Amino acid sequence: MQQPAAGDKSTAVPSLYPCQASLAADLYYTHRIIEDPEWSLATVPHLTELCLQHIVHNFEKNPILDRLLPQHQRKVLDRLSTGLPLAVTANLISDEDYWKRCCTERWQVCDISNYGDSWKRMFFERHLENILKCFIPNSTDPNQVLELIPLCKDYVRKLEVDQFLPPVQVDQKEERDDLSDTGSDFGFGTVSMHHYDLGVLITALPHLEELDLTYGVKDCGMNFEWNLFNFTHQDCCNLAVAVKMCHNLKVFKLTRSKVDDDKTRLLVRHLLDHPCLVELNLSHNLIRDKGAQAVGKLINRSRLETLDLCNNQIHHLGAQALAQALAENSTLTSLNLRLNCVEDKGGEAIGRALLTNTTLKSIHLGSNNLCEPTATLFSQVLTQNTTLANINFSCNHLGLDGGKQLLDGLADNKALTEFDLRLAEVGQETEYLIHQVVWANREAARLGSLQHPPAKPL
Amino acid sequence: MRRGAGAEAAAAGGRAPAPAPAPALAPALALSDPGPGPEERIAARRRRIAARLDAKRREALGEDAEPKVAEEEEEQRRSHKQIEESRQRLAKLLFDGTQMVTNIQVAADLRETQRRAEEAELKLQRVEKLENEAKSSTSKFEEITSKWALAKEMTIPQELWQLLNQQQQQCALLLEEKNKLIGDLQQELKNKDEQYVQAIKKQSDDIHLLLERMEEQIRITLKTYRHKLLQIEKAFELERRELLDNNRKKWEKAIQAHNTQELEYLHARMRKVEEFEKQLNQLRVEDEEEYNSMKIQLENDVQNLERQLQQMKAIYQLNQEKLDYNLQVLKKQDEENTIIRSQQKRKLNRLHSLLNNLRTKLAKQEKQFGEENQSLAADCERITGQCEEVQRRMRHFAVSDAEKFTEVWLMNEEEAKGLMRKALDADRIIHTQQLGLPWEEPRYWFLNNVGPLGHYKAKRMATKLAAEVLRESSSEGQEEEGREKKEEVGSGEGGKENTVKVEDRVTPLQNISKKTAKRILELVSEESGFLIESKLLRPLHVLGRHERTLMKLDSIFAALEIDSEDDLYQLVDFFLKYKAQEVAVSQSQGSPGGEDVTDLAEDREDGGSSAQRDELKSPRSSLGSLPSVYIHADDILKILKAFVRDFDKLREKDGSAKEVLQVRDSSKDGEYWEALAHVIPEPTLKLWDALAVALEEYYEVLTRRASLLAEAAVLQQQNSELCLLLEEYVSSGVNSKLLSPPTRWMDLKLPCAGEAR
């Protein structure tokens with residue numbers, strides 16, 4: 001009973017007075033302990049404890065934290081309620097444990113590795129994302145977002161919004177236009193179908209580095225309407241202007257948002273000469289050749305390293321434009337053209353570009369209706385290029401001959417570490433052999449990386 | 001992996017050329033492994049690299065160590081191999097797993113592409129179909145519409161009805177076809193919906209499969225990882241145990257060696273200790289002796305020092321007393337000094353105040369004296385004024401005194417002369433009447449003298465002189481002579497010189513002939529009329545010529561400030577000189593005239609000269625003055641100007657001389673008066689004395705006789721009176737009343753009283 005108290009005394013050095021008082025009380029009460037069986041030290045908590053408790057209770061009105069001693073801060077933080085208003089806590093508390101509690105109480109799944117191992121950042125990013133996801137233009141108060149800006153602007157680095165709700169009026173119209181077909185509804189709603197304009201928010205976040213947007217509605221179920229998924233031209237304009245103003249942006253993802261050629265060109269026009277942009281992801285959109293040409297222009301007018309255009313409708317013209325850009329480019333390291341219709345013409349163009357290119361490390365040409373000619377050209381690429389490490393030809397019709405040619409080309413190659421030829425109709429034997437070669441290359445690369453990095457000092 | 005490398009490094013360290021630190025190094029490494037500090041790790045890595053390089057070098061140098069190394073390497077590689085093997089297996093597992101998982105995606109992609117291809121095909125077909133349909137339907141519609149035109153031409157109702165029927169049928173056919181197409185499309189839509197549902201199902205299946213696979217993959221990988229980890233750990237433990245054993249053995253060996261060495265050291269130490277003890281004892285004895293001697297010496301020293309201390313104390317006491325006394329004295333002095341200082345201060349203050357007072361006083365006095373000075377200056381002025389006044393008065397008094405003097409002189413002279421005359425008369429009477437001798441009146445020079453001796457003639461005023469000159473000019477010759485004579489008569493033996501002097505002064509004018517002087521004066525009066533006031537000029541006309549010139553001259557002299565006789569003489573003289581200078585060359589006669597003038601003066605000095613000579617000379621001088629007549633009227637002004645210029649100088653020269661001349665010579669006065677007093681000579685006086693004595697005697701006799709006569713007369717009178725009185729007394733009644741009447745007694749006394757009287 002007395003031992004923990006003594007321990008407390010020894011720890012509670014700074015509050016000398018209450019400590020001594022309690023000591024005196026101890027001495028005084030020692031006589032009575034025997035007589036009074038109901039006596040307990042626990043009934044009288046320390047003054048520091050009481051103070052801390054008081055601070056915790058009144059933290060909202062009178063937040064005292066910085067002036068406390070470290071161990072007291074710890075106690076206060078452990079006891080603080082997670083429901084305190086953000087205006088109080090946002091800029092005052094930087095303790096990770098507190099924010100961890102906030103996060104885990106609010107969300108079941110919390111993968112901190114996606115948020116730079118910072119609970120606070122995670123909390124604010126997800127909080128902001130939630131607000132944006134539930135934001136309904138013209139009905140939700142825009143101050144809800146604006147008030148949050150000063151609180152979270154120092155912590156938000158990434159915005160991942162996979163849902164933008166359209167204005168509410170549409171629902172009423174929907175009811176009225178239920179009888180008519182969806183086409184007319186499409187034309188009717190364009191005027192008032194604009195989503196929330198991110199410009200104000202994004203430009204106010206100085207540390208924003210990654211932006212992952214999807215203009216669409218999740219879990220609509222039986223309420224599905226085409227116009228729920230309408231990324232309007234106005235939206236595109238707003239977004240493009242906002243992204244241009246956002247100078248620290250490194251990663252920009254705009255997926256599943258019905259981005260067509262015009263919008264792509266609009267976006268690209270605003271993204272030209274962007275100082276930081278490294279990754280661009282426009283997958284699962286409706287980009288055709290013109291859009292691809294615009295993106296090709298962007299490749300050489302920016303610092304893009306990663307470009308993802310998978311699941312679009314790029315045909316050989318767009319692929320040729322991209323290939324042309326690729327031939328001159330020296331920054332792009334990864335290109336993804338999965339699920340397009342590049343076909344042999346585009347594939348050959350890209351292959352030719354890769355003969356001269358020395359920076360690209362990874363290329364994905366899966367599901368592009370490629371045939372033998374591309375394979376022949378790529379066998380040549382494999383013999384010449386020494387940077388390319390990852391090629392994906394899955395789901396193409398390369399044929400047995402194409403596979404053999406690739407195997408031949410791979411014979412002298414030491415750089416390639418991954419080569420995906422699944423469902424490419426190259427034959428099991430060839431695939432196995434290629435796998436062996438690639439495996440050997442990978443081992444060699446691993447050994448090389450083992451040899452070299454330890455030589456470097458930590 | 002790293003730990004394995006560490007073990008390898010440790011082994012390499014064991015192989016290193018320096019075998020001694022090896023046993024210590026190994027446990028250190030073993031200890032450092034569980035808690036890997038960054039520095040230790042760096043150090044370990046360096047060692048590893050060094051070992052590797054060493055190994056390479058050795059390989060290059062020779063194969064001597066090769067078999068051993070190979071052996072050891074084989075032994076060491078056990079854990080390594082284990083790791084490699086498990087790593088490869090795991091990598092394969094991972095690859096397979098990802099392959100399995102991604103297979104689903106790839107399959108989905110393939111399906112999607114296939115679907116797309118089919119879709120595209122179907123779409124094409126559909127579009128073709130629709131186009132065909134549209135074409136056919138439009139052709140049919142055109143056919144129908146063309147028949148409408150035909151129908152208008154129809155007139156026969158049956159035909160029309162038939163046509164209409166046909167049309168209806170065709171329309172129905174068209175509609176049917178359209179409806180069929182719509183039905184087909186709707187069927188297709190339904191199919192698509194079903195396909196969509198199937199696709200969704202398929203997708204969910206895929207996702208399920210994916211999840212399953214992923215979970216399975218995770219499970220398997222976890223399991224294998226754990227397994228492999230265990231295996232690796234086992235391998236490592238084994239290795240560690242072996243290493244520990246090895247090291248322990250080495251350690252024990254080293255400990256044993258160390259123990260033996262320690263024992264040896266101990267023995268050596270014991271021996272040395274004994275030796276040192278012996279040395280110590282020896283040293284102790286020596287030191288004791290030394291100590292004793294030292295002690296004695298020091299005690300002596302102490303005694304000496306104590307004695308000195310006592311002495312010092314005594315001196316100290318003495319000095320202290322002295323100093324105390326001095327201190328007292330100094331304190332006293334100090335007190336006195338303070339008193340004196342305060343006094344001095346007070347004095348200083350007092351003196352300061354005094355000084356201030358004096359300063360103020362000084363200022364006051366200065367002011368006062370300034371005022372006084374001013375007043376005195378004023379006084380001085382006043383006094384000088386008074387002085388001047390007094391001088392003026394004095395001059396005036398001098399003049400009056402002189403007058404009075406002459407008057408007194410004359411009076412006294414008169415009186416004296418009267419007395420003298422009386423004396424002479426008495427003498428004459430004595431001589432003639434008493435002695436009966438003839439008396440002759442004595443003749444003395446002073447008897448005729450009137451006025452004070454040596455008294456200059458009062459200077460005549462210039463105008464008077466001028467008037468005189470003018471007047472005399474007419475009766476010139478005679479008057480001069482007369483005057484000469486008069487002088488000759490007047491001059492006696494001693495008075496001659498006096499007259500000579502007087503004459504001397506007059507000479508310049510005198511020897512300039514009156515004529516010339518007159519001539520000059522007349523010229524002056526006429527030519528310098530401008531000097532005369534105009535008021536005066538008018539009444540002058542009434543007067544005669546002579547008077548007019550006089551008046552004119554008077555005013556001219558007033559203007560030229562010519563007051564005295566001398567000035568006039570000078571003026572005339574100046575005229576003549578000027579003329580003489582002018583005419584000196586041409587007139588040879590003028591110069592002998594000048595010489596004559598000097599000659600004349602010499603002659604005068606010689607004393608009384610003959611009147612003849614004078615007379616002879618005067619015409620000459622008149623001759624000499626002839627040329628002056630020719631003085632041109634125009635020159636007068638020039639001459640006057642020059643004269644006025646020189647005249648001032650002359651005046652100044654005279655100024656002092658004039659006053660000296662005023663002082664009279666009174667030396668002869670005494671003589672004069674003495675002579676007057678002794679007018680009766682000595683023998684006569686003696687005679688008088690003897691006569692006087694005789695007469696005195698005669699007089700005495702006479703006086704005695706006279707007094708006796710008077711006495712007799714008085715006595716007679718008294719006698720008569722007394723007789724009367726006696727008669728009276730005797731006759732009175734009183735006498736009868738008395739017992740004894742005085743008459744008895746009176747008879748006796750009365751003659752006594754008469755006798756006494």
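Start by selecting A:Lys253 and A:Asn281: the latter, in strand S4 of chain A, is the bridge partner of A:Lys253. Strands here are DSSP E runs of at least two residues, and helices are H or I runs of at least four, numbered from the N terminus. This is a predicted model, where local features need pLDDT of at least 70, side-chain atom pairs count only at pLDDT 80 or more, and totals for chains, interfaces and linings use all residues. Residues are numbered from 1 along each chain as its sequence is written, chains are lettered from A in the order written, and side-chain values use heavy atoms, without hydrogens or water.

Now widen the selection to S3 (251-254) and S4 (279-281) of chain A, which pair in the parallel sense over 3 bridges; pairing requires at least two DSSP bridges. Show the whole open sheet next: 9 parallel strands of chain A, in the order S1-S2-S3-S4-S5-S6-S7-S8-S9. At its edges stand S1 (158-161) and S9 (418-420) of chain A, each with a single partner strand, so one side of each lacks a neighbour in the sheet.

Then hop to A:Val76 in helix H4 (70-79) of chain A. A:Val76 counts as buried because its relative accessibility is 0%, the cut-off being under 20% with a 1.4 Å probe, protein chains only. Beyond four places in sequence, its contacts (heavy atoms within 4.5 Å) include A:Leu52, A:Phe59 and A:Leu68.

Finally, bring in chain B, where 18 residues are in contact with 16 of chain A. Select A:Arg338 and B:Asp109, whose side chains form a salt bridge at 2.6 Å, N to O (Lys or Arg side-chain nitrogen within 4 Å of an Asp or Glu carboxyl oxygen).

Key: Buried < 20%, exposed > 50% of the residue type's maximum accessible area, 1.4 Å probe, protein only.
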